[in-house]
Amino acid sequence: MAGMPESHGFPDLSTVWLRAFLEVARHGSFTVAARTLGWTQSAVSRQISSLEGALGGGPLFDRLPRGVRLTEAGRVLVPHAEAVGAALLGAGRELAVLREAAGGRLRFGAFASADAGLVPQALAAFRSRHPGVHVSREEGFTPVLLERLTAGHLDLAVVSTTGRAPLEAYALHHLLDESLYVAVPADHPLALKGRPVRLGQLADADWISGSSRPEGTLLDAALRQGFRPRVAHVVGEWTAKQGYVAADLGVTLVPALAAASVRPDVALLPVLDEGAPARAVYAATMRGRSLTPGGEAFVGALREAAGRVGTAGPNTVL
């Protein structure tokens, strides 16, 4: 309408004015509308006058001897005012669902060994408590997951300190510190001795790793113990690594999160490492980016699962 005040293309209208307008239109009376709203009649009149002024000054109601009647302008406004009220009511309901983590979406990623036990336990608990949240999941290496998080494609990522990815830009929710095992054939002499080992005892062994270079991998632990392992086979997938170990083609490192899934013809020896834990595991989120209530609830489920995840597999030598 001509002369209508606008801000960024939208009429500068108060929802209080619209509420008063709809009540008067519904009842055909300022007095009854005031009673319904719990206001005074003069308060209702002021709201209607303010609305009329904001819409150009024309009357929305004809004042009759008994009650009021919508003008043509008032009749035009009714469906729009009802639509605004319905939209705000719907928004309120959706926001309430979001606050209660009863709806919305959760997009997360995790590295492979976290998917072996930690993530499934957390996800099962989360879905039983929040079945209305739509969950999507990705698997990848920590640096890739962090890139996806930064780009806004993930809400959170389960990551580790392996890989030397810079973590300073992220809010980190600590889940656990993870120990290491070395996987050897079940009949290996060290397995038969039945004792934990230092990696230096395997300095002359062939190693199976996901990379030809130890830097930024679990084999950083070997560098800390003063030797550079000889990587004989580059194998990325955990079950394939176990097959190589079982065939006596080398030994490999297994993080605690993956220990429970080791095959029976492979033995796990706890690694004695006087330095820091092999790696820390975190739920990472972006600093300055609000996490939804569903995301907060999933972090809580991850922490609960981290407290339950065992640190040794069925074939561990203790």
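This is a predicted model: local features need pLDDT of at least 70, side-chain atom pairs count only at pLDDT 80 or more; totals for chains, interfaces and linings use all residues.
Biologist: Where does Arg63 lie?

Modeller: Arg63 lies in strand E3, residues 61–63. Strands (E, at least two residues) and helices (H or I, at least four) are DSSP runs, numbered from the N terminus.

Biologist: What joins the side chains of Arg63 and Glu52?

Modeller: A polar contact of 3.5 Å. That term means a pair of N or O atoms within 3.5 Å; within protein, one must be able to donate a hydrogen and the other to accept it, and residues adjacent in sequence count only if both atoms are side-chain atoms. A polar atom of the Arg63 side chain also lies 3.0 Å from the backbone oxygen of Phe61.

Biologist: New topic: how many salt bridges does a search of the whole structure find?

Modeller: The count is 13. A salt bridge is a side-chain nitrogen of Lys or Arg within 4 Å of a carboxyl oxygen of Asp or Glu. Side chains of opposite charge can pair when their charged atoms come close.

Biologist: Which residue forms a salt bridge with Arg75?

Modeller: Glu72, with the closest N and O atoms 2.9 Å apart. Both sit in helix H4 (residues 72–99), three residues apart, about one turn of the helix. Arg75 is partly exposed because its relative accessibility is 44%, while Glu72 is exposed because its relative accessible area is 51%.

Biologist: What about Glu304, which side chain does it meet in a salt bridge?

Modeller: Arg129, at 2.7 Å from N to O. That pair links distant parts of the chain, 175 residues apart: Glu304 is in helix H10 (residues 293–308) and Arg129 in helix H5 (residues 118–129). Glu304 is partly exposed at 35%, and so is Arg129 at 46%.

Biologist: Which residues are linked with Arg137 in a network of salt bridges?

Modeller: Asp115 and Glu139. The Arg137–Glu139 bridge is 3.2 Å, N to O.

Biologist: Switching to strand E7: how many of its residues are buried?

Modeller: Five of the five residues in E7 (156–160) are buried. Leu156, Val158 and Ser160 point one way, and Ala157 and Val159 the other way.

Biologist: E7 and strand E5: do they run parallel or antiparallel?

Modeller: Parallel, with three bridges joining E7 to E5 (residues 105–110); one of the partners is Ala110, across from Val158. Two strands pair if DSSP finds at least two bridges between them.

Biologist: In what sense do E7 and E14 pair?

Modeller: Antiparallel, over four bridges, with E14 covering residues 279–286. There, Val159 stands opposite Tyr282.

How values were computed: Residues are numbered from 1 along each chain as its sequence is written. Side-chain values use heavy atoms; hydrogens and water are left out. Buried means under 20% relative accessible area, exposed over 50%, partly exposed in between (1.4 Å probe, protein chains only).
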